[in-house]
Amino acid sequence: MTVLRNLALTGVAFGGSWSGAIWYWRETNRMPATSELALYMLVLPLALLAAWWLGRKAWARVSMPAAAGSAAAAGAASASAASDTPAPPPLAPALSIAATALRAPHGDSVDELRAALAGNRARPGLDRELYDDDGYPIMSARLPNADDAALRDELNEWRNLHRLGDPRFDAGQWRALAAASAVAGELAAQACGHQLLAPWQDQQQKRQQGLLPPDALPAAAPPVLQLLTMWPLEWKPEQRHLAQQWLRYLTTQAGWPQQLLAQEAQDSDDAGQVLAALLARCGDARHPCLAIVIAAGSHLSEDGVNRLSSQNALFTSAHPQGLIPGEGAAGLLLADAASAPIDGGIGGNVGGSLLQAVGSSRRSASADDVKRDTDTSLADITAQVLHDSQADAATVALVAADTGHRTSRVTELMQVVTTATPQLDPGADVIGIGASCGSCGAVTWLTALAVADAEVRDRAAPVLCISNEDPYRRYAALLRPALAA
């Protein structure tokens, strides 16, 4: 959208200058000199464009502080004139993002991925193993170091020990599970840094050894840890079940007690729904929230490519609006105030960012099919999230999204950005994870949330996180600095 607007402005500047100059020369019946041609055909339109750009930047810098000052003055005047004016409602409880972890095609950590994005090195490329129906290599975003061979041996040994069936994972599923295993191990290790865990485990050990005095007060128990997993819908139920059992095993191997691990939850492929449900239960001191949320998946297998091709959804030279297959895993360690007290946090993490609000909606028609998109679902939930979090849109420093390369998704995102946060530069202040890491369902949005968390910490300002890659689902979330909140 912004590109089209800039092209239109350029056309107006050059077209107006050229038309005016030609009309003047014809009316005066004179032949222009070379210097006049250069002046009116090139210098004048460029000067107009430069003046417009500088004026816009100057207005943005002047208007924002002025607006802030006006708001402060108005607030002070209102407070002095009417002391009984009702205060704004308190913010709803938020979830602290205690830790993030990911395995992405362009980085095994958030810092590595951000460095690749900043250096413009995070791009899909021609796949070395998979081909389209015409025999050409497909465009893909592949994990460089999946390390699934070691996983196969370890998981098969564990599976045989527990007499579990063969899940018959394909190559892509093995790589996705290897990535999920690495993410689960990192986040479980972070969860084991909970300030209540070590004293509680020490007391439990002494009790078992008979070394605990009879009058010893029981140590406060850490909260129960929820492990919430998201796998692609095309995975069979037995494959999803075994993968979740495996991640639960890795969590206990990292040091988290089995008795403090919540019962196995039903998996989902809907990251927005999972996060919204956690936020809805946040704030109940009787049921503290501590959760690891992980999504993993891969389209990079013969079955995955054939599935996309049969649905006419694969990116090819003949179908540039198709999906570029991606793979990977991403996860968040989330805690409410009762589970991550300010004085200790989790794993020494104090401050950081808060997941303040999550909004969801569903389009009435698929974004893949509409010719002229008039759906306002994404714009509506973005405005609602800003309202619910009481965030000033002018303070939003960045937008991170799962948006890929497809025109319909880019246009939809840019319309929301220019409307809700006009102070942002779409070229520098908007990160589209899907365009760099390919399409991978819930993984792509959780990756965007992990990047947004890092940006909040660096910028000490709110960040919007948007999901619009799905044909129907639309999500918006606001992350804000914990100390500011």
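**Reading the labels on a predicted model**

Q: Why does Ala460 count as exposed?
A: Ala460 counts as exposed because its relative accessibility is 58%. With a 1.4 Å probe and protein chains only, buried means under 20% relative accessible area, exposed means over 50%, and partly exposed lies in between.

Q: What is the phi of Ala460, and where is the residue found?
A: Ala460 has a positive phi of about 55°, although it is not a glycine. It is found in the loop between α13 and β10 (463–467). Helices (H or I, at least four residues) and strands (E, at least two) are DSSP runs, numbered from the N terminus.

Q: How do you know that Arg168 is exposed?
A: Arg168 has a relative accessible area of 67%. That is over 50%, so Arg168 is exposed. Arg168 is found in the loop between α4 (148–161) and α5. Its phi is near 55°, a positive value in a residue other than glycine.

Q: Why does Arg175 count as buried?
A: Its relative accessibility is 8%. That is under 20%, so Arg175 is buried. Arg175 lies in helix α5 (residues 171–191). Arg175 and Ser298 are 123 residues apart in sequence, yet 7.4 Å apart in space, C-alpha to C-alpha.

Q: What makes Glu234 and Arg307 a salt bridge?
A: A salt bridge is a side-chain nitrogen of Lys or Arg within 4 Å of a carboxyl oxygen of Asp or Glu. The closest N and O atoms of Glu234 and Arg307 are 3.7 Å apart. That is within 4 Å, so the pair qualifies. Glu234 lies in the loop between β4 (225–230) and α7 (237–253) and Arg307 in helix α9, so the pair ties together parts that are 73 residues apart in sequence.

Q: Why are Glu234 and Arg307 called partly exposed?
A: Glu234 has 34% relative accessibility, and Arg307 has a relative accessible area of 28%. Both values fall between 20% and 50%, so both residues are partly exposed.

Q: Which residue forms a salt bridge with Glu129 at 3.9 Å?
A: Arg142 does. Glu129 lies in strand β2 (residues 125–131) and Arg142 in the loop between β3 (137–140) and α4, so the pair ties together parts that are 13 residues apart in sequence. Glu129 is partly exposed at 44%, whereas Arg142 is buried at 11%.

Q: How many salt bridges does the structure hold?
A: It holds 20. Arg114, Glu455, Asp458 and Arg459 are linked in a network of them.

Q: How do you know which lining residues of the largest pocket are nonpolar, polar or charged?
A: Ala, Val, Leu, Ile, Met, Phe, Trp, Tyr, Cys and Pro count as nonpolar; Asp, Glu, Lys and Arg count as charged; the others, Gly among them, count as polar. By that rule the lining divides into 18 nonpolar, 14 polar and 12 charged residues.

Conventions
Residues numbered from 1 in each chain as written. Predicted model: local features only at pLDDT ≥ 70, side-chain atom pairs only at ≥ 80, totals over all residues. Heavy atoms only, no water.
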